[in-house]
Amino acid sequence: MDCASLNPFPKAAAFRRPPAEVMRLARMGCAHPSRLSFLRTLLRRMMDQGWEFDRPVWDVDDAGVGRAVYRAIGPDRIYSLVAFAHDLPDEMRSDRVIATAWDATFAMFDGEPSDVDLDRLQANVPLQEAGRISQKELSLSRANRSVRLFEHVVDRLATGDQPNIDDVAAVGYLMRTTAVYGSGKFGAADLATVMDRPELNVPFQVEMLSVWLTRQFTVDIVEHLARVRGGARAARIDPAIRKSLGVGNSTGLGMAPFLVRHPILLNNWMMAREEALARVRAQPEAASNAVCEFRAALSDARENAQKWSSTHPIQVTKLDALRSDLDNISGYSAHWPTSVTDHPWDALWRWGEAHLSLEGQEALLALMLEPHGHLVDGLAECMVADERASFRLDGSMTVDALRQRLEQSYDWALTIDFDLPDNAARFWYVSEEKLEPRIGFRFEEDGADLEQPLCIARLAKDLHSALQEWSKEAPVASFLLAHPEHRFMVRRVQATERHPYAEVRDNLIAADMLPIDLMRCKLAFFGASRFDPRSDKWVRISLFQDLPYPSDLSPEAWA
Amino acid sequence: MIGSVDDPEPNDPTRSGPPLLQADGAWLSHNEIEQLCLKAARGAGMSWGLAEEAGFAAAWLARRDVDGPAAILSQITHADARSWHEICPEVTAGQVTARDGQELCPIALGTVLCDRGNNFIGSKQEPLLSVGPITYPVLLLPFLSDISKLCALSISLEWSGRRVFVGPNGEVTGDIPALESEPSIHAQIKVGSGPKPANANALRAFFVSEDTLSGLNRYALRTTVPASEMSRAGAGADDAD
């Protein structure tokens, strides 16, 4: 969709941040979830449309083994999360891809599954990658218990007590998903075949719905086990504690290349967010109710920043800066806006740019969007991408025009000296043993000859060099006939011509590149909170923390 | 708990895993077919950009119930270890051949035709191009379809008295089984009258035989790097807390 043609605020363009500022890894690695995050869009749609939720199947025995079905009933269609609960010995519990068993496994069924469907899924879903699902399914996922918290909660509830709130806060979830496979994986339906449905025409809606229904399952299964153990004495979990629990997720390096492999999608996500910020800044006045909502969101953010912990040195430093920045925003905004402030939201933003760290600036962005749903929520519809539409390249473009395009949009890449070892120190590859992306050290490890094309800056520079040898008027088609090795990058340069936020404007093979910066950006768009790096290559996060449950929206089904 | 060094990455939510082989094959989504054929073509030596074209072609055919994955496997097996110089199309007036009398790669040919867009389009019913010999010519259809869309005219591929049409809306009709069975043909590409409507994009999955799957996986594996101790060290940890 063309966001520009839908723009009710053409004046906003003047307030938009340039790609050279936005598309830097250091800033992307400070991204915060916002009301445009995919899980927020999902919840907004379901609440606005009055979706209903229930659990028509709960066939789980006293050992916690069995199956359940959670339905999300929308105005036009029903989606069913089919859950399989397992009794997993502790020694088999692993978050890794090589794991072969999990505490719970799930598939999102497109419609309402029959008993035959459930039996078919029971034979495959618990096997995850080693099974197959069908075109009736939209996702495949699994989750493991938090050993620290799960047993504690069951124990306490069984005796009629509530869990220790410090323990709950320290973990933040009962179970964590270790993989959620969407679009077309393991035989599931291709997203392209269902994208004509409005509820799926926003990125990652199936995955977000799956995780949200899984969150309900995590509470249902602890209460079930507590009842088995404690009988009549058993308590339900306290609503406030329940609300504070999200679904955990651990995410490895495999997620990092996604944003680089999908430049048009990345552009559309970034463009929507930047347009949202620009629309808010372009407001000539700040309505008093919007200012109140902003202050409420700021208060929540300060509370969240206190609860957000990490032991990773980089994140510890960032969290210190964030807490200090939020205090500063609070101090500044206590006297903002004054009666004479012109474009007060823009004034607030400019103050932030001058006084806050990157963490604080990106947090401020999310806070400024919060009271402006009427201005920005429609932009969620602009965040999908038809990548096929820009697949076919234009061979009639001249070599000179292509060179100029490179010099305009890839100027940041053309100045990098890749002969310096630090500028080419890493290489991305796919590991033979697990068929997943990894990053290696070029000068110390074998395998650089099998490098994946994620080194965009160097590919751009190589293309630029090769073009110098060619006549300016020659068509790109002739150039590519002689140089098929540049086809990948030529396609990319042309496809991103109308997509200014398509490229991460940093060297992704530099010695000091941090893969977690790419992951933070993507996870913020999902709506993940409490980003907690466990190394520079993998992270823990929480999803849906402090948000409602299906049973909050349809309480009668869980009475 | 810190994980052992032999398995550093906790998980990867974005990868497409290896499809499980059933007794005789597996139903693959279009996404899986495209990714597998892309990797296999790259493993067989195509540039990344051409390998993307191979993935596109396989998925386009599978969506129309034509065995694109098998055709890709046949083609990359046939062209394995042949240099670009050998398969590179040579374009002259009204004719495309490979150098030194070699056989044309349909992916390379299709790509060249698409890059030149409607520059080739002549007057209606006049031969557009003579091409050949071209191996596994069914792989040319996805590219002709894209050109048809670009110039909003149907296009026919004709050989030995047989024809297949592609239309601007992704339709394909004609003697497709015959084309699928041809390992190599000389053909003419023409701007033709419109094909009869065919059911394009109706299929949601395609059954790929075990032979094709294992063959493609073998090539795809060539793009991967054996694990090293270096890459594993400190890369991550497993914690079950």
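**Close-up views of a predicted two-chain model**

**View 1. Helix H2 of chain B and the residue after it.** H2(B) is followed by B:Asp65, whose phi is positive, near 65°. The model is predicted: local features need pLDDT of at least 70, side-chain atom pairs count only at pLDDT 80 or more, and totals for chains, interfaces and linings use all residues. Residues are numbered from 1 along each chain as its sequence is written, chains are lettered from A and ligands numbered from 1 in the order in which they are written, and side-chain values use heavy atoms, with hydrogens and water left out. Helices (H or I, at least four residues) and strands (E, at least two) are DSSP runs, numbered from the N terminus. Of the 16 residues of H2(B), 15 are buried, so the helix is largely enclosed by the rest of the structure. Buried means under 20% relative accessible area, exposed over 50%, partly exposed in between (1.4 Å probe, protein chains only).

**View 2. A salt bridge between two loops of chain A.** A:Arg35 and A:Asp377 pair through their side chains, 2.7 Å from N to O. A:Asp377 sits in the loop between helix H16 (373-376) and helix H17 (399-409) of chain A, and A:Arg35 in the loop between helix H3 (25-28) and helix H4 (38-48), so the pair ties together parts 342 residues apart in sequence. Both A:Asp377 and A:Arg35 are buried. A salt bridge is a side-chain nitrogen of Lys or Arg within 4 Å of a carboxyl oxygen of Asp or Glu. Over all chains, the structure holds 56 of them.

View 3. The side chains of A:Asp117 and A:Arg120 meet at 3.4 Å, N to O. Both belong to helix H5 (residues 115-124), three residues apart, which means a separation of about one helical turn. A:Asp117 is buried at 7% relative accessible area. A:Arg120 is partly exposed at 27%.

View 4. A:Arg458 and A:Glu451 form a salt bridge, with closest N and O atoms 2.9 Å apart. A:Arg458 is buried at 19% relative accessible area, and A:Glu451 is buried at 10%. Elsewhere, salt bridges that share partners join A:Arg388, A:Arg392, A:Arg487, A:Arg491, B:Glu52, B:Glu53, B:Asp115 and B:Asp146 into one network.
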